[in-house]
Amino acid sequence: MKSGSNLEKVLKAGHFAFTGELGPPRGTNAEEVREKAAFLKGNVDAVNITDNQTAVVRMSSWAASLILLQEGLEPNYQMVCRDRNRLAMQADILGAYTLGIRNMLCLSGDHQKFGDHPEALGVFDIDSMQLINMVKNMRDEAKFLGGADVEGPPEMFIGAAANPFAEPFEWRVHRLAKKISAGVDFIQTQCIYNMDRFRTWVKQANDMGLTEKVYILAGVTPMKSIGMARYMKAKVPGMDVPDEIIKRLQGAGKGKVAAEGIKIACEQIEEFKEMKGVAGVHLMAIEWEHKVPEIAEQAKVLPRPVMD
Amino acid sequence: MIVAQRKPFDEIKDMIKDYKKVLALGCGTCVAVCLAGGEKEVSVLVSELDMAAKLADTPIDVSGFTIERQCDREYLEALDDMVEKYDALLSLACGAGIQFLAERYPKIPVFPAVDTTFIGVNQDVGWYEERCRSCSSCVLGMTGGICPVTMCAKGLYNGPCGGTNNGACEIDADQPCAWYMIYERLSKQDRLDSIMKFTPATAWKNQVPRTVIQPGYTKKD
């Protein structure tokens with residue numbers, strides 16, 4: 001065991017993992033975090049806590065992660081490279097571990113241009129790949145990036161993102177390999193809609209032996225509406241939404257689009273359960289946390305395994 | 001070369017409003033080539049300031065002069081006898097030239113008339129693009145001659161990020177993704193091996209004022 005986190009135990013035991021996501025509030029209302037957490041409790045193995053997602057200021061990821069711990073859920077603490085330099089990042093990693101956080105997701109972060117402080121300085125002292133490597137060296141070698149010894153290494157389960165769709169497609173699997181060599185333990189992918197492309201990517205990863213070295217959790221976001229599908233197709237960089245998805249939602253009929261979106265997501269999850277090289281699903285039900293119990297039920301991923 | 005842009009006129013006018021005799025100083029090198037601070041731009045600025053002063057009925061005596069390089073003592077020397085007659089200097093040189101000027105004449109207030117913008121290339125007369133952040137640790141050999149520090153909006157050394165968008169950067173569809181270009185170029189050169197390896201965290205060398213002493217330098221008395 002690298003961290004002993006619930007997520008690591010679930011994956012190591014060979015269970016099909018199921019993780020969720022929660023965005024902290026744009027203020028100090030802890031109750032809002034607790035309310036969202038209540039929908040996720042018992043339905044997922046760990047919950048990603050976003051870090052100033054879309055470059056918009058929110059309650060810090062580690063603070064919202066601690067609220068989750070208080071509520072009896074396991075957080076997956078997200079950290080982006082945009083807002084902190086290596087000193088601040090390592091300090092936060094030590095603090096987070098000390099207070100009980102055991103999973104981390106290492107990300108570059110959306111460019112500050114998109115957020116509520118577009119004129120901010122983007123730090124990017126290190127990139128997501130270097131962040132993975134930094135956490136791994138803190139954990140396994142008990143060394144800070146600067147070379148000094150860490151007293152009491154932070155035993156984090158190290159995660160990262162992967163986008164199986166962005167061009168150049170041939171490079172995607174090599175980038176995954178690079179993250180593995182940097183030291184990642186698990187991957188949560190970008191939201192998947194183009195199943196053909198995802199199947200190809202996973203097959204490449206299988207063929208290169210990568211899926212034996214890393215746990216891949218397939219990213220799923222149910223479409224709430226046709227507008228959302230169109231927006232994701234046209235406006236969200238790195239997102240690949242085939243026309244068939246939009247057509248299917250259009251064909252669902254008035255008042256039934258969201259249910260169709262959930263149905264599509266559950267069909268995907270069914271396929272991921274059987275797909276070689278896929279170890280679980282990461283459900284990003286953005287501002288739709290109250291639907292998670294229903295989705296988990298319908299996707300037949302309940303009950304979640306209880307680990308020692 | 002170093003590329004600069006002239007500051008908005010009102011900002012310049014406001015900076016020198018308390019001075020009666022001002023010398024606008026151009027620089028004949030980089031900023032002249034990029035049409036921001038050479039002889040021609042100095043004369044345009046002097047005329048504009050003159051006209052504005054006349055319209056507002058606030059007399060101000062503005063003259064212009066351009067030297068070859070404001071970042072070089074050899075050329076600054078030509079100003080020694082001239083500047084004493086002015087109560088402020090307005091420099092159209094890059095930030096380095098402005099500082100060297102201010103350093104040479106510490107009793108006279110010096111104001112910038114341009115914003116120094118980047119180290120870049122000349123795409124056409126009047127069209128310039130950034131290419132270098134002078135980071136002191138060049139990786140262009142690894143990245144196929146495309147700078148990830150400058151050309152990637154996040155300065156990633158192990159790109160591209162998840163925001164790469166069919167060859168464009170997530171910040172703007174018209175901004176090419178540096179790492180997409182790096183991949184394409186290295187792929188055509190059959191050199192993808194170069195970016196397969198993990199690039200460790202950068203040892204930043206540009207966090208303090210830098211000095212270069214070339215091996216051939218000999219200290220003069």
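1. Asp190(B) counts as exposed, at 72% relative accessibility (exposed is over 50% relative accessible area, buried under 20%, partly exposed in between, with a 1.4 Å probe and protein chains only). The backbone here deserves a look: phi of Asp190(B) is near 55°, a positive value in a residue other than glycine. Asp190(B) belongs to the loop between H8 and helix H9 (193-196) of chain B; helices (H or I, at least four residues) and strands (E, at least two) are DSSP runs, numbered from the N terminus.

2. A word on the ground rules. This is a predicted model, in which local features need pLDDT of at least 70 and side-chain atom pairs count only at pLDDT 80 or more, while totals for chains, interfaces and linings use all residues. Residues are numbered from 1 along each chain as its sequence is written, chains are lettered from A and ligands numbered from 1 in the order in which they are written, and side-chain values use heavy atoms, with hydrogens and water left out.

3. Chain A has a positive phi as well. Thr54(A), a residue other than glycine, has phi near 50°. Thr54(A) is found in the loop between strand E2 (46-49) and helix H3 (61-70) of chain A, and is partly exposed with a relative accessible area of 41%.

4. Now the cis peptides. In chain A, the bond from Glu167(A) to Pro168(A) is cis, with omega near -5°, and Pro168(A) sits in the loop between strand E5 (157-162) and helix H6 (169-182). In chain B, the bond from Gly159(B) to Pro160(B) is cis, with omega near 0°; Pro160(B) is in the loop between helix H7 (148-151) and strand E8 (168-169).

5. On charges: side chains of opposite charge can pair when their charged atoms come close. Over all chains there are 37 salt bridges, a salt bridge being a side-chain nitrogen of Lys or Arg within 4 Å of a carboxyl oxygen of Asp or Glu. Chain A holds a network of them that links Lys2(A), Lys136(A), Arg139(A), Asp140(A) and Asp185(A).

6. Two of the bridges run along helices. Lys203(A) pairs with Asp207(A), the closest N and O atoms being 2.9 Å apart. These two residues are four apart in helix H7 (residues 195-207) of chain A, so about one helical turn separates them; Asp207(A) is exposed at 57% relative accessibility. In chain B, Glu184(B) bridges to Lys188(B), with closest N and O atoms 4.0 Å apart. Glu184(B) and Lys188(B) are likewise four residues apart, in helix H8 (residues 178-188), about one helical turn. Glu184(B) is partly exposed at 26%, while Lys188(B) is exposed at 71%.

7. Glu129(B) and Arg131(B) also form a salt bridge, at 3.0 Å from N to O. Glu129(B) is partly exposed with a relative accessible area of 25%, and Arg131(B) is partly exposed at 31%.

8. What about the cysteines? There are zero disulfides over all chains, a disulfide being a pair of cysteine sulfur atoms within 2.5 Å. For Cys132(B), the nearest cysteine sulfur is that of Cys147(B), 6.4 Å away; Cys132(B) is partly exposed at 33% relative accessibility. Cys152(B) is buried, at 12%, and its sulfur is 6.3 Å from the closest cysteine sulfur, in Cys161(B), which is too far for a bond.

9. Helix H9 (residues 243-250) of chain A has Ile245(A), Ile246(A) and Leu249(A) buried. Down the axis of H9(A), the buried residues fall within an arc of 95°, so they line one face of the helix (the arc is that of the directions from the helix axis to the C-beta atoms). They pack against helix H8 (226-235) and helix H10 (257-274) of chain A. The face turned away from the buried side carries the exposed residues Glu244(A) and Lys247(A).

10. Last, the interface. 29 residues of chain A are in contact (heavy atoms within 4.5 Å) with 28 residues of chain B. The two chains bury about 2500 Å² between them, 57% of it on carbon and sulfur atoms; buried area is the accessible area (1.4 Å probe) that two parts lose on being put together, summed over both. Gln130(A), Trp171(A) and Lys178(A) supply 24% of the area that chain A buries against chain B, more than any other three residues. Between chain A and chain B there are zero salt bridges. H6(A) gives the most to the side of chain A that touches chain B, with eight residues.
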